[in-house]
Structures are given as C-alpha cells and as structure tokens.
Amino acid sequence: MDSYTEDCLNDLDEVLSLDSQPRKTRNGLLWRHDRADQTLVIAVMYSRYCRLLEEHATNQSRSEMASWLERVHDELYEKEVLSRIISDSRDTASLPIHIGPARAFRVRATGQFITVASRKDANAPPPQPAGRMTSTSRSELYLRDSPYVVNNNNKYFVLVASVFSASDAAREIDRLKSKAPQYDFVAYAPYQGNPAYAIMMATWVSKEVAYQALEEARRDVAGDAFVWKCPQSGEIGTC
C-alpha cells in the first residue's frame with residue numbers, strides 16, 4: 001500500500017460512522033487525499049460500514065440490514081460519468097460503455113464483459129516511463145478509466161480533435177491512429193450543451209501527465225491540441 005492510500009485510510013477512521021452519508025463521506029475523503037488508490041479506499045470503506053452495522057445495529061432485521069448495505073454499496077461504487085465513449089482505437093470495433101453503480105462495462109469485440117471496477121484503477125499513480133515508450137505503455141499512462149471521485153489528480157484531458165457526428169468521430173479516430181500509431185484515442189459523445197464529439201488522447205489524468213501528453217500531441221498528432229479539465233471536482237455529476 002502506498003503512503004497516500006495509507007494516510008487516507010487513517011483519516012477514514014475519523015470520519016466514518018453509521019450516521020455518516022456514504023457518498024458525501026467518500027467524496028470528501030478522496031478529494032482531500034487525491035493521490036490515494038480510490039478502488040482500495042472504497043473497498044475498505046464498505047468493509048468498515050459492514051462491520052459497524054454488525055456491531056451497532058442490533059435492533060434491525062436482516063432484511064433492513066441488507067437493504068441498508070445495498071444502498072451504501074451503490075453510493076460508494078457510483079462512478080463519475082463524463083459522457084459515453086463512442087469510439088476507441090484500442091478496440092477492434094467501436095462499441096459503447098454503459099455506466100451504472102458498480103456495473104460499468106465495455107463490450108469488447110471478443111464479446112467479453114469487463115467490469116470497470118476490475119480494470120486497472122483510474123487513480124493509481126501513473127507508471128513512469130523508462131526509456132522508449134511503447135504504444136501500450138502510452139495508452140495505459142494517458143487513457144484512464146473514469147474515477148469514482150473527480151479531484152485534482154484526475155480531472156485533466158487532452159483534446160486533439162472535434163467533429164459533429166458519431167460516424168465522423170470513428171473516421172477521425174482511424175485517421176489519427178494511422179497518422180500516429182504510437183498513440184491511442186477515444187471519442188466522447190457530446191457533453192452538456194456542446195454539440196461536438198470530443199476526441200481525446202489523454203483522459204482522467206493528473207495535470208503533470210496531461211501536459212506531458214499535450215507536448216507529444218502537438219508534436220505528433222495535432223498542433224492545436226489543448227488541455228481540458230472538469231470545471232468542478234469532487235462531486236458526482238458536476239464534472
């Protein structure tokens with residue numbers, strides 16, 4: 001366990017109680033400890049909620065306890081949703097992501113279902129490249145899954161192109177991949193009032209990683225690439 005996560009879990013003991021609001025408690029904790037491993041912290045939070053209930057909720061029936069724990073689980077495992085990814089150069093086919101509390105999955109071309117929670121955590125400290133980076137290492141460093149809580153360590157994106165239809169987004173992904181095969185790209189459906197489909201070379205990364213990706217994007221992909229960040233952080237649905 002890294003020191004950031006350990007500090008976060010130590011703080012957890014001070015804020016967790018049966019009366020605390022799971023999502024609000026989770027958001028505040030992971031906002032303050034923005035480099036902690038979110039997946040591990042949330043798993044420990046849920047385990048401790050279970051223990052607290054077992055120790056103190058003696059007057060509740062089994063069905064009441066089960067219902068309460070189900071609500072806690074859904075609140076803790078709800079992920080941030082920016083928009084749907086509608087095209088991804090890492091896939092052999094452009095397939096959608098469906099988002100729900102602890103039930104997010106991508107349908108790969110193989111037909112395999114992969115839960116987001118089981119994939120590499122979006123908030124783990126990014127690997128530091130040693131020597132020449134491969135396409136795979138760049139993809140792992142720059143294209144991260146959506147976090148559970150948006151904070152200062154995961155709210156940055158690098159945008160390399162915008163188009164105005166899903167079909168154009170898929171074609172632009174193919175064009176960029178042909179032009180710069182050492183990188184991968186994803187296209188998001190329109191976000192809020194913006195009608196454009198945004199094509200990103202980096203998603204949900206720290207500011208440092210975003211500007212590293214931006215330098216490479218402007219050199220190899222698109223001279224007008226820029227860094228975009230979520231306007232607000234730390235609350236589900238405010239990105």
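1. The largest nonpolar core of this predicted model holds 30 residues, and those touching the most other members are Tyr-142, Val-158, Val-160, Phe-185, Ile-199, Met-201 and Val-221. At least two residues of this core come from each of the following elements: helix 5 (135–142), strand 5, helix 6 (166–179), strand 7 and helix 7 (207–220).

2. Strand 5 (residues 156–163) deserves attention. Seven of the eight residues of strand 5 are buried, leaving the strand mostly covered. With strand 7 (residues 197–205), strand 5 forms an antiparallel pairing over six bridges; within this pairing, Tyr-156 has Val-205 as its bridge partner. Strand 5 also runs antiparallel to strand 8 (residues 226–229), to which four bridges join it. There, Val-227 of strand 8 stands opposite Val-158.

3. Which residues does Val-158 touch, not counting residues up to four places away in sequence? The contacts of Val-158 on that basis are Ile-199, Met-200, Met-201, Ala-202, Ala-210, Ala-213, Leu-214, Ala-217, Phe-226 and Val-227.

4. Helix 2 (residues 22–32) may be considered next. Its buried residues are Pro-22, Thr-25, Arg-26, Asn-27, Leu-29 and Leu-30. The elements covering these buried residues include helix 1 (3–15), helix 3 (38–56) and helix 4 (62–77).

How values were computed. Residues numbered from 1 in each chain as written. Predicted model: local features only at pLDDT ≥ 70, side-chain atom pairs only at ≥ 80, totals over all residues. Heavy atoms only, no water. Buried < 20%, exposed > 50% of the residue type's maximum accessible area, 1.4 Å probe, protein only. Contact = heavy atoms within 4.5 Å. Pairing = 2+ DSSP bridges. Core = buried A, V, L, I, M, F, W, Y, C linked by side-chain atoms within 4.5 Å.
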